[in-house]
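The sequence and structure come first, and the notes follow by topic.

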Amino acid sequence: MKNKTRKILAIACGFIIGTAFIVLGARDLIRTRQLALRGKVTDGGVLVAEDYTSGRLRWHTYYLHVEFKTETGATVRPKVLVSEKVFEEARSQGTVKIHYLPNDPNFCAAGDELEFRYGNLIWGVIFLFCAGYVLVYFKSPADLKEGLESIEEN
């Protein structure tokens, strides 16, 4: 019974997390496409450059706090996720190219070229695939103990 509950929980979590990742990934991809089609480009100053390092795996995530003026003259100071290359160039130069949407300048990207981020979409597909796999093979026993319990019930 415990294993059945765990399987149900794994399936539900897989579908919920997978759907959330796909929604977030699709939103990011759509907004990046909007930046490519309708975005404006300007130069921005780097206020703070942050390098977050994960615990054991030592993965780096790079952020820039930038400041730029929109075409309407408003000053915007967003925090932008960037690649290591853009991070190093911006930190050494103190300026970076900013791509922003005129109707929402807080959604922006930094760097000479736009980088399409699709990692969340991939993670969503992986979670949904795993949940679907567990769902398809739900009736097969997880281990010897569950198999013996199934035989005793029948």
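The chain has four helices and six strands, where helices (H or I, at least four residues) and strands (E, at least two) are DSSP runs numbered from the N terminus. Read from the N terminus, the order of elements is α-β-β-β-β-α-β-β-α-α. This is a predicted model, in which local features need pLDDT of at least 70 and side-chain atom pairs count only at pLDDT 80 or more, while totals for chains, interfaces and linings use all residues. Residues are numbered from 1 along each chain as its sequence is written, and side-chain values use heavy atoms, with hydrogens and water left out.

**Chain totals**

- Of the 154 residues of the chain, 24% count as buried; buried means under 20% relative accessible area, exposed over 50%, and partly exposed in between (1.4 Å probe, protein chains only).
- Among contacts (heavy atoms within 4.5 Å) between residues at least 6 apart in sequence, 62% join residues at least 24 apart.

**Strand pairing**

- Strand 1 (residues 40-53) pairs with strand 2 in the antiparallel sense over eight bridges; two strands pair if DSSP finds at least two bridges between them.
- Val-48 stands opposite His-65 in strand 2.
- The hairpin of strand 1 and strand 2 has six residues between the strands, and Arg-58 takes a positive phi near 60 degrees there.
- Strand 2 also runs antiparallel to strand 4, with four bridges joining them, and Leu-64 has Val-80 of strand 4 as its bridge partner.
- Strand 3 (residues 75-76) is joined to strand 2 by two bridges, again in antiparallel orientation, with Lys-69 opposite Thr-75.
- Five residues separate strand 2 and strand 3 in their hairpin, and Gly-73 in the turn has a positive phi of about 95 degrees.

**Nonpolar core**

- The largest nonpolar core has 16 residues, of which Leu-64, Val-66, Phe-68, Val-82, Val-96, Ile-98 and Ala-110 touch the most other members.
- The elements giving two or more residues to this core are strand 2 (60-69), strand 4 (79-82), helix 2 (84-93), strand 5 (95-101) and strand 6 (104-110).
- Strand 2 supplies the largest share of this core, four residues.
- A nonpolar core is a set of buried Ala, Val, Leu, Ile, Met, Phe, Trp, Tyr and Cys residues joined through side-chain atoms within 4.5 Å.
- In soluble globular proteins, nonpolar side chains tend to be buried together.
- Not counting residues up to four places away in sequence, Leu-64 touches Val-46, Val-48, Ala-49, Pro-78, Lys-79, Val-80, Val-82, Val-86, Phe-87 and Ala-90.

**Surface**

- Phe-116, Tyr-118, Ile-122, Trp-123 and Ile-126 form a nonpolar patch on the surface, with about 520 Å² of accessible area together.
- Patches are made of residues with over 30% relative accessible area and no salt bridge; like charges are joined within 9 Å, and nonpolar side chains (Val, Leu, Ile, Met, Phe, Trp, Tyr) within 5 Å.
- Ser-92 belongs to helix 2 and is exposed, with a relative accessible area of 61%.
- Ser-92 and Val-46 are 46 residues apart in sequence and 9.8 Å apart in space, C-alpha to C-alpha.

**Salt bridges**

- A salt bridge is a side-chain nitrogen of Lys or Arg within 4 Å of a carboxyl oxygen of Asp or Glu, and the count comes to eight salt bridges.
- Lys-40 and Glu-71 meet through their side chains in a salt bridge (3.9 Å, N to O).
- Lys-40 lies in strand 1 and Glu-71 in the loop between strand 2 and strand 3, so this pair ties together parts that are 31 residues apart in sequence.
- Lys-40 is partly exposed at 33% relative accessible area, whereas Glu-71 is exposed at 56%.
- Asp-28 forms a salt bridge with Arg-27, with the closest N and O atoms 3.4 Å apart; Asp-28 is partly exposed at 22% relative accessibility, and Arg-27 is partly exposed at 44%.
- Glu-115 and Arg-117 form a salt bridge between their side chains (3.3 Å, N to O); Glu-115 is partly exposed at 33% relative accessible area, and Arg-117 is partly exposed at 30%.

How values were computed:
Accessible areas come from the Shrake-Rupley method with a 1.4 Å probe; for residues, only the protein chains shown count as cover.
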